Amino acid sequence: MSEHTSVAVRDLEKSYGNKTVLDGLCLSIRRGSRTVVLGPNGAGKSTLLEIVATLRSPGSGTVVVEGQDVVAHTRQARQLIGLAPQSNALDPLASPQEVLDFQGAVLGLHARAARRRSSELLDLFGLGEHRRTRIAKLSGGTRRKVDLAVALVNAPSLVILDEPTTGLDPLARMDLWEELKRLNANGEASTLLISTQDLHEAEVLASDIVVLREGNVAAHDSPDVLKSLVGERTLTLALDSPGTARALVGASRAGFRAEPGDPGTVRLALPRDPAVLRSALEDIGSVAASVQQMRLADPSLDDVFASLAAA
Ligand SMILES: Nc1ncnc2c1ncn2[C@@H]1O[C@H](COP(=O)(O)OP(=O)(O)OP(=O)(O)O)[C@@H](O)[C@H]1O
């Protein structure tokens, strides 16, 4: 296992009855990354995360977290992991302070140390004003922050989040995404492993994306690299008349495509070759006076998902 690897998964197999969910899966999760696992329903995302989190046993294969094998050294591995489960599992009648103190006690901290850690985490998440409010009275977004705070009591090296923003409103989700990025940047959650169904969430959060398909890894790379693999960056120009657009397409040395069904526009997959790019810019320059609008579009994670996960 390299010093840059937080989680090393080798030949992981898991079946339920005769249904194979993970089929010899291999994966290295980069230390310091925000790794987001994507895949269609039933692809095995939760199963994978639960095995890494020591909540489920592998059928065969190995999972090593920060140097600790999750089967051979479950207790040691568990101490390195912070887990915020998919559904809200907190006692609705307890307060954030009580929940955090309790978690500290479960982890074996003395009362004073547990209280100190609770206070640090309440401050870190801006939960001070809610420290004595019953969980049941908190908003969904604030509860999710308490979940996260609970996951961080043991100052884990790896934080695992299964669908962290499900059920939250758009503002609460954005707030939580910012929080997660901040925690990752300041080292409180130095490696994040997150599953989601939501491509926008992946787009905002991920430094690395893993796409699962048929029990194995279909792709694992940065969002930008994955997007560049499945699609092209395109430039669309709206010109002042369909005639100018036709003339530009006809005279172009760089091979513009006309946008079907949209007269007066031309579309160019941005060339990677600098010489071709220059000639495209010269062609565009020749009709510069006619350009009304320009739009640059990147391939999206939807394109990545459609191409890799559903293939
Ligand atoms: N305890 C279990 N017993 C039997 N089958 C299970 C069990 N847990 C999961 N499965 C099945 O294993 C497959 C993978 O489930 P898993 O929850 O890991 O996928 P997922 O990618 O997280 O799905 P989703 O996106 O729907 O949450 C599914 O077909 C599911 O029905």
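The structure is a predicted model. Along the principal axes, the C-alpha trace extends over about 75 × 45 × 35 Å. The radius of gyration of the protein is 24 Å, whereas a compact globule of 311 residues would have a value near 19 Å.

Attention can now turn to the ligand. The residues surrounding the ligand are Y16, V21, G39, N41, G42, A43, G44, K45, S46, T47 and Q197. Helix α1, which covers residues 45–52, supplies the largest share of this shell, with three residues. Sorted by class, the shell around the ligand holds seven polar residues, three nonpolar ones and one charged residue.

A further feature to look for is the pairing of helix α3 (residues 96–106) with helix α4 (residues 111–124). The axes of α3 and α4 lie 8 Å apart, and the two helices pack at an angle of about 130°, which makes α3 oblique to α4. The crossing of α3 past α4 is right-handed. On the α3 side, the contact involves P96, Q97, L100, D101, G104 and A105, and these meet A113, A114, R115, R117, S118, L121 and L122 of α4. Among the residues of this contact, seven are nonpolar, three are polar and three are charged.

Note on methods: Residues are numbered from 1 along each chain as its sequence is written. This is a predicted model: local features need pLDDT of at least 70, side-chain atom pairs count only at pLDDT 80 or more; totals for chains, interfaces and linings use all residues. Axes are lines fitted to C-alpha atoms, for helices over the stretch in contact, and angles run from 0 to 180 degrees between N-to-C directions. Helices (H or I, at least four residues) and strands (E, at least two) are DSSP runs, numbered from the N terminus. Angles under 35 degrees count as roughly parallel, over 145 as roughly antiparallel, 65 to 115 as roughly perpendicular and the rest as oblique. A crossing is left-handed if the near helix is turned anticlockwise from the far one by less than a right angle, and right-handed if clockwise. Two residues are in contact if their C-beta atoms, placed from the backbone, lie within 7 Å. Ala, Val, Leu, Ile, Met, Phe, Trp, Tyr, Cys and Pro count as nonpolar, Asp, Glu, Lys and Arg as charged, and the others, Gly among them, as polar. A residue is near a molecule or strand if its C-beta atom, placed from the backbone, lies within 6 Å of it. The radius of gyration is taken over C-alpha atoms; the globule rule is 2.2 Å times the number of residues to the power 0.38.
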